[in-house]
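The following exercises concern the structure shown below. Each task is followed by a worked solution.

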Amino acid sequence: MANIYISIGEHEKALTHISKALEINFENNYLFRIPRALTIQAELYLQTKDTAQAISNYEKSIEAAENIDAFDVVKRNSQILSQLYEKTNQIAKAKDYKSLYKAINDSLFTNEKEQKIIILETKRKIKEVLQNKKILELENKAQKAKFRAIIIVLILLFVISTISIYSYLKVRKKIDYCC
């Protein structure tokens, strides 16, 4: 809602709304919403040309984001703070936040590469499992076919043996009856 007020230039309403939202977030311990709300409030202060308050909120947002390991927020806000401190001629703080941004940017890049490698390995393993499953299914079908063939041969042997024995006994009975 605060974003809507900001976009139409209603800065006082936006500030009131975001302040209430922050209050609710802190009361209910909604840790994942706090950094974003503080960032929005900082952006609002930048639009109203209150740089000191914006810097304060960006720093609070970074602190809240670090508490929940939201490094994407830390990365983005540290870059903004670096630029703001450069504009206010606080070079030491600007360098600190720039180095924080670079460190997080590099670590996030490394994490993304590691995650992509893990995803590719997982996809490969899934393909292997699916191929093994297909192979096992084909082997199972082949074994069932062999089993059926053996059963059919045994049944045929039984039938032929029964017919042969019946014929032999019939012929023998005739021979015994005749002689």
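A residue is called buried under 20% relative accessible area, exposed over 50%, and partly exposed in between. The model used here is predicted.

**Exercise 1.** Classify N89 by accessibility and describe its backbone.

*Solution.* The relative accessible area of N89 is 63%, so N89 is exposed. N89 belongs to the loop between α5 (71-87) and α6. Its phi is positive, about 60°, although N89 is not a glycine. For context, most residues other than glycine have a negative phi.

**Exercise 2.** State the secondary-structure content of the protein and its share of buried residues.

*Solution.* The protein contains 6 helices and 0 strands. Read from the N terminus, the order of elements is α-α-α-α-α-α. Of the 179 residues in the protein, 21% are buried.

**Exercise 3.** Find the salt bridges and locate their partners.

*Solution.* The count comes to 3 salt bridges.

- E43 and R76 pair at 2.7 Å, N to O. E43 lies in helix α3 and R76 in helix α5, 33 residues apart, and the pair links distant parts of the chain. E43 is partly exposed at 22% relative accessibility, as is R76 at 38%.
- E86 and K98 pair at 3.1 Å, N to O. Because E86 lies in helix α5 and K98 in helix α6, this pair ties together parts that are 12 residues apart in sequence.
- E128 and R124 pair at 2.6 Å, N to O. Both residues lie in helix α6, 4 residues apart, about one turn of the helix.

**Exercise 4.** Identify the residues of the nonpolar surface patch and classify I163.

*Solution.* The patch is formed by F147, I150, I151, V153, L154, I155, L157, F158, V159 and I163, which together have about 980 Å² of accessible area. I163 is found in helix α6 (residues 91-178). With 51% relative accessibility, I163 counts as exposed.

Key:
Residues are numbered from 1 along each chain as its sequence is written. This is a predicted model: local features need pLDDT of at least 70, side-chain atom pairs count only at pLDDT 80 or more; totals for chains, interfaces and linings use all residues. Side-chain values use heavy atoms; hydrogens and water are left out. Patches are made of residues with over 30% relative accessible area and no salt bridge: like charges are joined within 9 Å, nonpolar side chains (Val, Leu, Ile, Met, Phe, Trp, Tyr) within 5 Å. Accessible areas come from the Shrake-Rupley method with a 1.4 Å probe; for residues, only the protein chains shown count as cover. A salt bridge is a side-chain nitrogen of Lys or Arg within 4 Å of a carboxyl oxygen of Asp or Glu. Helices (H or I, at least four residues) and strands (E, at least two) are DSSP runs, numbered from the N terminus. Buried means under 20% relative accessible area, exposed over 50%, partly exposed in between (1.4 Å probe, protein chains only).
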